[in-house]
Amino acid sequence: MTKNYLLEIGLEEMPAHVVTKSVNQFAQRAEKFLKENRISFDSIEKYSTPRRLTILVKGIAEKQTDIDVKAKGPSKKIAQDADGNWTKAAQGFARGQGMTADDIFFEDLKGTEYAYIQKHEDGQKVEDVLSHMDEVIKAITFPTRMRWGSYDFEYIRPIHWLVSLLDTKEVPVKILDVVSGRISRGHRFLGQDVEIDDAKNYVEKMKSQFVIVDAKDRKQIISDQIAKIAQDNNWDIDVDADLLEEVNNLVEYPTTFYGSFDKKYLEIPDEVLITSMKDNQRYFYVRDQEGNLAPYFIGVRNGNSEHIENVIRGNEKVLVARLEDADFFFKEDQKKTIADYVEKLKSVNFHVKIGTMYEKMARVHQIADHLADIFQFSDTERKDLLRASDIYKFDLVTNMVDEFSELQGVMGEKYAEIMGETKAVAQAIREHYMPISSEGALPETKVGAALAIADKLDSIETFFAVDLIPSGSNDPYALRRQAYGIVRILDQYQWSMNLNDLQDYLKDNVTVPEKLDLNAHKQDIIDFMIDRVRQLLKQNKIRTDIIDAVAGGSNIDAIEMINVAQVLQSHVNDDDFKVVMEALGRIVNLSKKAKFGYSDDLAVDDSLFENPSESQLNQQVAAIKNDNAEDLFKQLAALRPVIDSYFDENMIMAKDEKVKNNRLTQLVIANHLIANLGDLSKIVTK
């Protein structure tokens, strides 16, 4: 007969962002604990609020599974002396198993006899095992932890109560001075302490004390109430999933309400209003049926509808205070020019080891000018890019961004438009931060994309120059994300950018303080960027061996590497892919025997040819055009019959030194073309 087991951890209010992750981890660790302890069960249900993490294990067995154990001991020659008597080693082995030496038997294992003991272990009662669930509670990890009282124990918040019930029976579990029982706590203001009579009644018992413990139920209640308000008022409400998740983990008994603010505040940019409502106050903003922001907001109260009018007035008062500040900042910021703000950046550090934000913009201007050449920008695009690079950080010293840091870039765009900059310049100021997460949205304009690349390149170059290089999981300046952003932008716009040439240009043309050596980590930066190409290819489901091949080739242009990888991936199922790779691989491997490398003036002497295949290979290799990866692959694949004939007819390491070197020259030249596809020796063809 199975039972139900309830374990509730009662805490002070946790931060909303840890609640869901913590209860999921609680359930995972409980599942692992039960399986390791041979306790079978049907399922684990999870419940959570800001003040509790709970699991309900349904269909849990009454006892551990019985097991038969065959324990291995010392070898026979150690277990018995020459006369066949049990040694101390054998006797100790038997005692350790709770048996006697008479229970020992021997079995052969790989030619050696070992001592064994066979024993039967009866499973413990489930309550005896569950009394150790404190191990599960203590094992839960959190992003931040705290101590309380005089204890060294750390947890997300102080633990105030524990409920541990196997059906109706209490199972004692202890954490510090908190001993479990059957008493839980209701809503902080509306409820009282409540006795859980049976584990299966937990949800209803808590509901009677104004606590909806099922997070899914609370979220549905909030969604339904918002939908009802929207329908009654003919509003369009964007129920942001992340905000809904956060609000849901801030309340135990949700009641949704709406409030309003003066229409005059709608003159403030929408982004400011939305930030004030959504990010600062955790409100859902409202739009009318035309898509315009309306002077209303939706909030969620942790309680019932009693005195809701007072709650609404209080929330309106708090929001209006914020909007008053925003309105003041918005008007004050417009009293200065962009030039005024740029001047202030001379006293704002980008990083103490690198220099000011003003100096960073000067470097980004130089980088952007070069990128405009590489990406073949028009005169207008170049002009907009360079203007944007001269001012793009100016909003950092505005009042609005000082108050609402999450609006950096956004306010730069707004103020730039107000102060007469072109739309392209203004939009680039906002887009240069993109992507703001690993897989976040990319810039929509070429000018914004180029500025984003220039800004991120400067950060990578300068942080590496002062040895602030990511290592392991340590990346405080998000350089990996920025480098990955560069690769994603290059991929989106199919912009070619040779990393080696770029490094040389930056070293010779970008003005940096004398203490910064942009050449100190040239290869490290190239490898760092190639690793981000690997990341993108992995994200795009490219085979690992193909990723290794393109990363190990001669290409150090992100777009060419990506395109080659996609071409190779598209041909792996070709009937002749294996034989093509093997043929090209023979050239790759034998070319390594040459004591010289490729150079543009390397030439083949056709007067030294002894067989027709030498001439055929020479002619076909000379005719290959490296215009794009697909065409290159097809042209190299077409060489296979000639390569086979070439190696059938010719001894590469001929006795005649001139003939040998001439043939190696042919292979080196061919390998130079093949290397554009990567290191094909890494391709798995079995």
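**Close-up views of the predicted model**

**View 1. Helix 20 passes helix 22 in a right-handed crossing.** A crossing counts as right-handed if the near helix is turned clockwise from the far one by less than a right angle, and as left-handed if anticlockwise. The model is predicted: local features require pLDDT of at least 70, side-chain atom pairs count only at pLDDT 80 or more, and totals for chains, interfaces and linings use all residues. Numbering starts from 1 along each chain as its sequence is written, and side-chain values use heavy atoms, with hydrogens and water left out. Helix 20 spans residues 522-539 and helix 22 spans residues 558-571. Their packing angle is about 35°, and their axes are 10 Å apart. Axes are lines fitted to C-alpha atoms, for helices over the stretch in contact; angles run from 0 to 180 degrees between N-to-C directions. Helices (H or I, at least four residues) and strands (E, at least two) are DSSP runs numbered from the N terminus. From helix 20 come Ile530, Val533, Leu536 and Leu537. They meet Ala558, Met561, Ile562 and Ala565 of helix 22. Contact means heavy atoms within 4.5 Å. The contact of helix 20 with helix 22 holds 8 nonpolar residues, no polar ones and no charged ones. Nonpolar here covers Ala, Val, Leu, Ile, Met, Phe, Trp, Tyr, Cys and Pro; charged covers Asp, Glu, Lys and Arg; the others, Gly among them, are polar.

**View 2. Helix 17 packs on helix 18.** The angle here is about 145°, with the axes 9 Å apart. Helix 17 passes helix 18 in a left-handed crossing. Helix 17 contributes residues including Lys446, Ala449, Ile453, Ile460 and Phe464. Helix 18 contributes residues including Leu479, Gln482, Ile486, Leu490 and Tyr493. The contact of helix 17 with helix 18 divides into 13 nonpolar, 2 polar and 2 charged residues.

**View 3. The largest nonpolar core has 140 residues.** Such a core is a set of buried Ala, Val, Leu, Ile, Met, Phe, Trp, Tyr and Cys residues joined through side-chain atoms within 4.5 Å. Buried means under 20% relative accessible area, exposed over 50%, and partly exposed in between (1.4 Å probe, protein chains only). Met400, Ile453, Trp495 and Met497 have the most contacts inside the core. Helix 17 (residues 446-465) gives the most to this core, with 12 residues. Leaving aside residues up to four places away in sequence, Ile453 touches Leu371, Phe375, Ile486, Ile489, Leu490, Trp495 and Met497. A second, separate core has 39 residues, among them Tyr5, Leu53, Leu130 and Phe142.

**View 4. An open sheet of 5 strands has the order 2-3-1-7-8.** The pairing is antiparallel. Two strands pair if DSSP finds at least two bridges between them. Strand 2 (43-49) and strand 8 (169-170) stand at the edges, each with a single partner strand, so one side of each has no neighbour in the sheet. Strand 2 is joined to strand 3 (residues 52-60) by 7 bridges. Ser43 stands opposite Lys58 in strand 3. Helix 1 (residues 16-36) lies across strand 1 (3-11), strand 2 and strand 3. Helix 1 runs at about 35° to strand 3.

**View 5. An open sheet of 3 strands has the order 4-6-5.** Its pairing is antiparallel. Strand 4 (67-75) and strand 5 (105-109) are at the edges, each with a single partner strand, so one side of each is left without a neighbour in the sheet. From one strand to the next, the twist averages 40°. Strand 4 and strand 6 (residues 112-121) run antiparallel and are joined by 7 bridges. Lys70 stands opposite Gln118 in strand 6. Helix 3 (residues 88-96) packs on the sheet and touches strand 4 and strand 6. The direction of helix 3 makes about 165° with that of strand 4.

**View 6. Backbone geometry is picked out at Pro435, Leu176 and Ala478.** Most residues other than glycine have a negative phi, and most peptide bonds are trans. The peptide bond from Met434 to Pro435 is cis, with omega near -5°. Pro435 sits in the loop between helix 16 (423-431) and helix 17. Leu176 has a positive phi, near 55°. Leu176 lies in the loop between strand 9 (174-175) and strand 10 (178-179). Leu176 is partly exposed, at a relative accessible area of 26%. Ala478 also has a positive phi, about 55°. The loop between helix 17 and helix 18 (479-493) holds Ala478.

**View 7. Lys331 belongs to helix 10 (residues 308-333).** Lys331 is partly exposed, with a relative accessible area of 47%. Arg481 is 150 residues from Lys331 along the chain. Their C-alpha atoms are separated by 35 Å.
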